[in-house]
Amino acid sequence: MDEDQTDKLERDRVVEEMTARLGVRAERGKRFAELTSLRVGGAIDWVITPQTEAEAATIVHELDQAGIGWRPLGSGSNVLADDADHHYIVLNLSNMKGEVHIDGELVSVSAGYSLPRLCIDVARAGLSGIEGLGGIPGTVGGALWMNAGAYGHEIGTVTEKVRVARDGKVVEVPGDGIEWNYRRTSFREGELLLGATLRLKPDDPDQIKARMDDAKSRRLATQPHGARSAGCFFKNPPSSTIGTGRMIDEMGMKGQRRGSAVVSPVHANFIVTEGENARAEDALALAEEIRERVRREQGIELEYEVELWRSNPSTDYTDKPSVESVESVDRKEA
Ligand code: EPU
């Protein structure tokens with residue numbers, strides 16, 4: 001047996017012992033195609049699904065100590081994972097929902113809670129500040145990680161505290177100690193977000209709901225729904241007066257196809273996938289074709305908004321998986 005196989009057996013032993021002891025679900029044989037909204041991506045060695053913030057904090061601490069690589073996944077609505085086998089552990093946080101606690105203007109929620117659900121809950125409670133985000137699919141954790149924004153609202157603006165995992169414990173960090181940029185934050189790879197406390201503003205529930213419904217219907221009118229997408233694929237460039245969607249549209253690329261991936265005919269900054277056997281490779285090739293044309297014709301280097309999750313290039317499954325590096329852009333959406 002070679003060294004790599006021995007390491008894998010040892011990793012499997014650690015995962016099985018830990019998850020049995022904690023009573024947490026651990027599964028083999030899952031694929032990113034089942035766990036992401038683009039419905040593409042290869043096999044995952046292990047998916048671990050904690051239910052509580054404390055469990056998740058313990059799990060990542062033990063994995064770190066054993067030198068086993070992991071990545072957190074929410075609802076998979078902003079991730080493009082490649083088609084090969086991914087050997088790191090996927091921590092599926094979509095079951096770590098907890099309960100929403102509302103105390104005056106403060107709202108505490110776990111990372112696995114659905115963002116659209118939270119927007120409805122707080123609107124009913126007469127709390128304003130995130131109703132623009134009501135149509136964004138995803139979890140609270142994913143929204144915090146990338147400082148999700150739409151229709152004049154950004155989650156970072158209203159975040160009072162974030163709970164993160166440190167040394168096996170749940171630790172609170174103040175929101176104003178975090179950099180909240182355009183679709184980018186100062187959270188680091190390897191830092192697990194467990195939940196947050198938001199500070200919202202009291203307002204009339206009917207008016208909040210009306211603004212949320214307006215944001216949702218604008219979204220329905222301008223963005224594809226029902227199709228398999230990961231939201232906007234690229235950021236809007238800071239140097240350009242027109243957004244990426246409009247730029248790609250004006251180049252006549254709506255409907256352009258590469259195998260199972262298509263530039264959405266509704267909004268050109270969305271790539272959608274089609275068919276049972278859709279491939280991440282097609283979506284990536286189409287994305288690179290767009291970037292190449294924008295580079296050539298506009299002299300602009302488009303930055304990915306979607307996270308590209310690479311399977312390990314080496315056979316060393318304990319490596320931290322690589323993610324396309326994200327440059328800082330301090331520009332709010334149009
Ligand atoms: N437009 C076109 N053709 C297109 C798409 C857009 O001409 O194919 C035009 C629109 O008509 C409009 C302008 O471009 O005049 C801007 O479009 P839109 O209002 O759709 O805004 P956007 O900049 O494309 C941004 C965010 C969205 C967010 C909306 C609404 C980015 C990259 N995108 O889109 O966020 O929902 O504003 O606030 O910042 C996401 O993060 O995944 C996302 C979709």
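Tyr-151 is partly exposed, with a relative accessible area of 27%. Partly exposed lies between buried (under 20% relative accessible area) and exposed (over 50%), using a 1.4 Å probe and protein chains only. The model is predicted: local features need pLDDT of at least 70, side-chain atom pairs count only at pLDDT 80 or more, and totals for chains, interfaces and linings use all residues. Residues are numbered from 1 along each chain as its sequence is written, and side-chain values use heavy atoms, leaving out hydrogens and water.

Tyr-151 is not a glycine, yet its phi is positive. Arg-39, also not a glycine, has a positive phi too.

Helices (H or I, at least four residues) and strands (E, at least two) are DSSP runs, numbered from the N terminus.

Now the helix pair. The axes of α4 (residues 115-124) and α6 (residues 205-222) come within 8 Å and cross at roughly 155°. Axes are lines fitted to C-alpha atoms, for helices over the stretch in contact, and angles run from 0 to 180 degrees between N-to-C directions. The two helices are therefore roughly antiparallel, a label for angles over 145 degrees.

Contact means heavy atoms within 4.5 Å. From α4 come Cys-119, Ile-120, Ala-123 and Arg-124; from α6 come Pro-205, Ile-208, Met-212 and Lys-216. Six of these residues are nonpolar, none polar and two charged. Ala, Val, Leu, Ile, Met, Phe, Trp, Tyr, Cys and Pro count as nonpolar, Asp, Glu, Lys and Arg as charged, and the others, Gly among them, as polar.

Notes. Parallel < 35°, antiparallel > 145°, perpendicular 65-115°, else oblique.
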